[in-house]
Structure formats: C-alpha cells, structure tokens
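Open the model in your viewer and follow the stops below. Each one says what to select and what is there.

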Amino acid sequence: MINTKISNNRRGGMKNPIIKKYLFYIMLFCILPGIFVLFSTVVLWSSEQGVASRVKKITTKIEKTTQVETSIPLPKNSVKVMVEYQGGTFFTEARKIEIKRFKCSSCHNNQKVLIKNAADISHADIRIVHGDKDNLLTCNTCHNPDDRDFLISSKAYKIDMDHAYDMCGQCHFRQKKDWIGGAHGKRVTYWAGERVVKNCTSCHDPHSPKFEKKWPETYSVPLK
Amino acid sequence: MDSDKKKINRRTFLKGAASVAIAGSATATIGCKGKGLLNSSEAFALEFQEYFKKHYRLMTKSERTKTVTRLEKLAKLKQDSIINIETTEPGQNVLYGYAFNVTRCEGFMECVQACVKENNLDRRSNTQYIRIFEMENGQMSPDQGDGKYFHMVPNEGHFYMGVQCFQCDNPPCVKACPTKATWQEPDGIVVIDYDWCIGCRYCMAACPYWGRRFNWNQPEVPKEELNKKQHYLSNRKRVRGMMEKCTFCIQRSRKGKLTACAEACPTGARVFGNLLDPDSEIRFVLENKKVYRLKEDLGTDPKFWYFID
C-alpha cells in the first residue's frame with residue numbers, strides 16, 4: 001500500500017515520463033557509441049604523435065642543393081658510384097690516388113729487378129687477415145693477375161680500384177646494401193649537398209679489414 | 001685666529017675624507033670588474049653595453065650583427081684572439097635527426113675528443129657533452145653500463161652506447177626554464193641564450209637523459225686550442241654559472257657540415273642528417289633498421305635513435 005503510494009507520487013512528480021521509458025535505448029544507441037568514438041579518436045590521435053611517424057609521412061623530395069645557403073663543393077678525389085641510392089646518383093672517395101705506388105703495372109711488367117732492390121719493392125709488409133681463419137684470402141682472390149692495375153671479381157670481371165665497393169660487396173652484400181642506403185659507412189664532411197660517402201677502403205684496410213684494439217682517445221670523469 | 005684655523009682644518013678634513021671615500025669606492029667597484037678594464041676604456045664601454053642587449057630571439061637582424069661585432073671586439077681586446085661569431089638562421093625544410101649504431105661503435109671515444117675541441121668545452125673540469133657507456137651484451141639501459149672505462153677497446157662481450165643531448169621534440173628542459181633562456185629552434189635543436197641563463201639548473205633536473213652541463217667554474221680553454229668559428233647559440237664564450245649543452249654543432253650543421261662527433265667517428269656508427277629529406281641517410285635508417293630510443297615512455301620524443309645492424 002505504501003509502496004504504490006510512493007510510486008504514484010513519483011509518477012506524478014515526473015514531468016516527462018516518456019523519456020524515462022526510452023532512457024535505456026538512448027543510452028544504448030547514443031551515449032555508448034559516442035563514448036566509443038571519442039576514445040578511439042583519442043587513441044588514434046595519440047598514436048600518430050611523435051617525430052618518427054610525423055616525419056615518415058613526408059615524401060616530397062627536397063633539392064639537394066637548397067637545404068643550406070652555403071654552396072658545398074664536390075671534393076676533388078671523388079668518383080661517381082655506378083649504382084644509385086634512393087635519391088639518385090652519389091659519389092665516393094677515389095682509391096687509386098691514395099695508393100702510393102700506383103700504377104701497379106709500372107713494376108709488374110715482366111721487367112728484371114735487381115735483387116738488392118727486391119726487398120724494398122716487394123709487398124712483404126702486407127699481412128692478410130681477411131676471410132676464414134682456416135681459409136684466408138690470397139692476393140689473387142681480389143687482384144687481377146693478368147691486368148695488375150685492376151681487381152678481379154669472382155666471375156672474372158675487371159673491377160677498377162676506385163670502385164672497390166663492387167669487389168667487397170660480393171661477399172659483404174648486406175653491408176653494401178646498407179652502404180648504398182646510408183646505414184653503413186659515413187658521408188664526407190657534409191650532410192647537405194651532393195652525397196659523397198667514404199669508400200670501403202677509406203676506413204677498412206682491405207688486407208686486414210677489422211679495426212684493431214686500441215686505447216680510447218680520452219676518458220670521462222665519474223658523474224658522482 | 002685660532003677658531004679660523006680650526007674651521008679651515010675641519011673643512012679640509014671633510015673635503016679630504018669625502019674625496020678619499022669616493023676614490024676608494026670607485027676603485028672597489030672597478031676593481032671587482034677586473035684589473036684590465038681600466039686600461040682600455042673601449043673594452044669597458046663594450047662590456048657595459050653587453051648588459052643592455054636583448055634576448056636573442058627578440059633581436060632584429062641589425063641588433064644581432066651589432067652584438068656579434070661587440071663580442072668579437074671584446075674577445076680581441078680581452079683575450080687577444082680573433083674569433084668569428086655567426087648568427088646563421090635555421091634552413092627551410094630542415095629538421096635534424098641523429099642515429100647511433102650500437103653494433104658499430106667500438107668505444108674509441110674520438111667523438112668525445114672532437115666535441116670538446118669543437119665546442120670550446122672547459123678543460124679544467126673536463127666537461128664533455130658526449131658520454132660513452134660500455135655495456136655488457138644483453139644490457140639495455142646505460143644506467144647499468146660503465147661510463148668511466150679506460151682500457152683497450154673494444155672489450156670482448158661488450159657493446160658501446162653513446163649518450164648526449166637528444167634534442168627532444170617535446171623537451172622537458174625548455175618547459176622548466178623560468179627565464180625562457182632555452183628554447184627549440186625551428187630546425188629542432190634546443191639552444192640556450194647564455195646571457196639569459198640565471199644558472200638555476202632547473203633544466204638539468206628536468207632532463208631525464210643527463211644531457212645538460214653546468215659551469216661550476218670559469219671555463220678555461222687554452223688559447224691555441226680555441227675554436228675560432230663560433231655561433232652565438234653554441235660554442236661562444238661561456239662564464240661561470242651558466243648551463244650549456246650539445247647543440248648538434250649548430251655552427252657546423254647550419255652550414256651543411258656534419259657534427260664534429262659524426263665527422264670524427266672512425267667506425268661510421270654515427271649518422272646525422274635531415275629528417276624531412278626522404279632520401280637522407282637518417283630516413284633510410286629509420287625505415288630499414290631496427291631502431292629504438294632511450295626512455296621512450298617518458299614522451300619526450302627524442303630525435304636520436306639507436307639502431308642495430
């Protein structure tokens with residue numbers, strides 16, 4: 001009896017009883033999807049933040065020469081690489097000019113050599129630490145025995161010494177791929193302008209390519 | 001006669017006392033500014049004008065040139081060194097990014113040495129912007145690594161991780177600065193106007209990467225080792241009580257050069273370039289390599305990635 005009285009009172013107090021009837025459906029079809037949409041946009045928006053994702057969307061090419069105001073000269077001893085990277089042609093450091101006794105054919109030409117001079121002009125100082133421990137490379141793995149000024153690929157193609165990356169890339173193809181893209185090796189002095197990178201032989205000694213152990217250049221003082 | 005004498009005496013005494021007091025206080029004030037100043041009134045005038053210059057970002061182009069010529073003159077008069085301070089503007093379409101190859105780094109620390117020389121860092125307290133941590137294989141955070149190793153490198157079973165200012169895209173240090181002495185340039189580099197820094201070191205506390213350095217003493221650089229190519233926001237003269245930090249060698253990078261550390265690296269572990277250029281090396285690394293950043297969960301968004309081969 002009391003219960004009905006109260007419920008009667010309530011019904012009488014309610015100004016718009018129809019809304020109450022549909023409240024459940026309103027919540028189900030309007031408010032809940034609304035909240036869902038809001039949350040998903042927030043999640044999507046926040047996942048798009050960050051330099052990496054923002055930057056990756058930028059694909060418009062930039063002129064190599066317009067990134068900085070200063071004009072950047074092409075180094076003298078650079079040669080055009082025979083493969084292209086993602087941005088077109090690029091250059092690498094020349095090798096032949098670095099070799100002290102190039103051309104090789106000036107000695108390797110079947111001329112007679114005095115025995116007393118032989119020690120000075122031989123390559124006795126070269127130690128090969130390249131290849132498997134049990135199966136080291138030999139001179140003629142890379143050097144062309146028929147044309148001494150050139151290297152020779154495994155398929156007997158002549159390779160110019162300036163384009164040593166072609167030689168190295170036969171085994172070290174992963175490093176070559178990274179080198180072309182820019183994850184291995186480094187650029188010469190400038191990040192802008194024409195792309196000039198170090199050649200394989202600029203950093204690695206081809207006869208013993210691994211970096212040797214040495215003392216660090218400096219030291220750091222303790223933080224605390 | 002007697003009273004007359006007494007009167008004169010008192011007057012002369014007061015006059016003398018006053019003049020002595022003025023002269024004494026004048027020498028005291030000037031003496032604090034350094035003995036060399038009185039010898040050259042030009043240096044004194046320039047030093048005086050230095051107090052009234054504006055914040056770097058509020059200066060017009062002509063004001064910047066004036067300030068720079070003043071600083072160059074001061075260096076000539078006081079240190080007797082001919083320097084060249086630049087105010088090169090950031091380039092259009094440039095956002096600097098850096099990648100560090102943890103597989104390639106051998107811990108030779110040539111980058112650290114090059115950085116110290118390039119940025120005129122204090123030799124007395126051994127300030128260094130870069131720190132190389134020797135970490136055992138499998139370790140992830142430089143907290144666990146050894147930052148003060150000194151032995152033949154590379155050490156077996158270890159790898160090396162270089163840490164410096166990461167030029168965050170959402171830099172907490174900038175928010176912490178109460179005087180707006182530090183800010184982010186349009187090309188992404190966080191810089192400091194040394195003359196507006198009050199040395200409160202809030203930024204140092206705010207940086208989660210230990211990327212900022214404080215000058216506890218007057219920085220000392222041997223005159224013959226001074227790098228004369230300077231930038232107003234980077235490697236110009238700092239004094240005691242100022243913050244400083246890595247600026248990606250703004251004096252080099254804004255002219256298209258690699259940073260000193262990247263150029264000095266003998267192993268090619270350091271990749272520096274323009275993030276907005278889709279052909280750049282740094283973009284190649286981001287798209288083709290496994291990259292990670294330090295303390296990425298903090299939301300500081302560093303523009304410095306570590307990658308493995």
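**Stop 1: helix α5 of chain B**

Select α5(B): its buried residues pack against β3 (131-136), β4 (158-163), α9 (260-264) and β10 (270-274) of chain B. Helices (H or I, at least four residues) and strands (E, at least two) are DSSP runs, numbered from the N terminus. This is a predicted model: local features need pLDDT of at least 70, side-chain atom pairs count only at pLDDT 80 or more, and totals for chains, interfaces and linings use all residues. Residues are numbered from 1 along each chain as its sequence is written, while chains are lettered from A and ligands numbered from 1 in the order in which they are written.

Now colour the buried residues of α5 (residues 110-118): C111(B), V112(B), A114(B), C115(B), V116(B) and E118(B). A residue is buried if 20 or more other C-beta atoms lie within 10 Å of its own, exposed if 12 or fewer, and partly exposed in between, with C-beta atoms placed from the backbone. Then step on to N120(B), which follows α5(B) and has a positive phi, near 50°.

**Stop 2: D169 of chain B**

Go to the loop between β4 and α6 (172-176) of chain B and pick D169(B). Is D169(B) buried or exposed? D169(B) counts as buried, because it has 21 C-beta neighbours inside 10 Å. Show what D169(B) touches, leaving out residues up to four places away in sequence: V51(A), G188(B), D301(B) and K303(B). A contact needs C-beta atoms, placed from the backbone, within 7 Å.

**Stop 3: a helix pair in chain B**

Select α3 (residues 41-50) and α4 (residues 61-79) of chain B, which pack at about 140° with axes 10 Å apart. Axes are lines fitted to C-alpha atoms, for helices over the stretch in contact, and angles run from 0 to 180 degrees between N-to-C directions. On the α3(B) side, the contact residues include A43(B) and L46(B); on the α4(B) side, L74(B) and L77(B) are among them.

**Stop 4: all of chain A**

Zoom out to chain A. Count eight helices and five strands. The radius of gyration of chain A, taken over C-alpha atoms, is 36 Å, well over the 17 Å that the globule rule (2.2 Å times the number of residues to the power 0.38) gives for 224 residues, so chain A is more spread out than a compact globule. Its C-alpha atoms fill a box of roughly 130 × 50 × 45 Å along the principal axes.

Note on methods: Contact = placed C-beta atoms within 7 Å.
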